[in-house]
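Q: I am new to this structure and would like to learn how its features are read. May we go through them in turn?

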Amino acid sequence: MVTRWVYSPIGSFMEISRRRCLVLAAWSVIGAACGGTEDTRTDWNRVDVFIVVSHIPEGTPADVAIESNSFGLKTVVATQRASTAIANLGSLQGEALRDFAPNTILVEGMFAVIDQEQS
């Protein structure tokens, strides 16, 4: 029987038969041909969501944040989009923002209504 010496992950050499050596090589080639562990799916539906681009302090009116370009669009997989995600920045008119960190996805319920008597 022909044997090969192969370096094992535990730091020593081990003996491996020719048949096992060929099987290991074949599986390595098949794995490389299939792309390994890369995600090759291209059929995912992608959607845009609004995110916070720069830090917004608490109490900032939404109108001011929109004018200062504090929001941006990010493309995500549709399954990662919340059902209550903000679809239009115009719907934020008259609302005050809480303390938002960058990359926060905007969803309904994250805002407070501005009291018109106080402003």
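Q: Where is Trp-27 found?

A: In this predicted model, Trp-27 is found in helix 1, which covers residues 18-33.

Q: Is Trp-27 buried or exposed?

A: A residue counts as exposed when its relative accessible area is over 50%. Trp-27 has a relative accessible area of 60%, and it is therefore exposed.

Q: How many helices and strands does the chain have, and what pattern do they follow?

A: The chain has two helices and six strands. Read along the sequence, their pattern is β-β-α-β-α-β-β-β.

Q: How is a pair of aromatic rings described, and how many such pairs does a search of the whole structure find?

A: The description of a pair of aromatic rings rests on the distance of the centres and the angle of the planes. In this structure, a search of the whole model finds one aromatic pair. The ring centres of Phe-100 and Phe-111 are 5.9 Å apart and their planes are at 75°, so the pair is edge-to-face. The pair links distant parts of the chain, as its members are 11 residues apart: Phe-100 is in the loop between strand 5 (95-97) and strand 6 (111-113), and Phe-111 is in strand 6.

Q: Are Phe-100 and Phe-111 buried or exposed?

A: Buried means a relative accessible area under 20%. Phe-100 is buried because its relative accessible area is 5%. Phe-111 is buried as well, because its value is 11%.

Q: How many residues does the largest nonpolar core have, and which have the most contacts inside it?

A: The largest nonpolar core has 16 residues. Those with the most contacts inside it are Ile-56, Phe-71, Leu-92, Leu-97, Phe-100, Leu-106 and Phe-111. Strand 3 (46-52) and helix 2 (62-67) are the elements that give two or more residues to this core.

Q: Which residues does Phe-71 touch?

A: Leaving aside residues up to four places away in sequence, Phe-71 touches several residues, including Ile-51, Val-52, Ala-62, Ile-66, Leu-92 and Leu-106.

Q: What share of the residues counts as buried in the whole chain?

A: Of the 119 residues of the chain, 24% count as buried. The accessible surface of the chain comes to about 8,900 Å², and 55% of it belongs to carbon and sulfur atoms.

Q: Where are Asn-69 and Asn-103 placed, and are they buried or exposed?

A: Asn-69 lies in the loop between helix 2 and strand 4 (71-77), and at 60% relative accessibility it counts as exposed. Asn-103 lies in the loop between strand 5 and strand 6. Its relative accessibility is 55%, so Asn-103 counts as exposed.

Q: Which residues does Ala-112 touch?

A: Ala-112, in strand 6, touches Gly-94, Glu-95 and Ala-96, not counting residues up to four places away in sequence. The C-alpha atoms of Ala-112 and Leu-97 are separated by 6.5 Å, while the two residues are 15 residues apart along the chain. Ala-112 is partly exposed, with a relative accessible area of 31%.

Notes. Residues numbered from 1 in each chain as written. Predicted model: local features only at pLDDT ≥ 70, side-chain atom pairs only at ≥ 80, totals over all residues. Heavy atoms only, no water. Helix = DSSP H or I, 4+ residues; strand = E, 2+ residues; numbered from the N terminus. Buried < 20%, exposed > 50% of the residue type's maximum accessible area, 1.4 Å probe, protein only. Phe/Tyr/Trp six-rings, centres within 6.5 Å; stacked < 30°, edge-to-face > 60°. Core = buried A, V, L, I, M, F, W, Y, C linked by side-chain atoms within 4.5 Å. Contact = heavy atoms within 4.5 Å. Areas by Shrake-Rupley, 256 points an atom, 1.4 Å probe, with all protein chains shown as cover.
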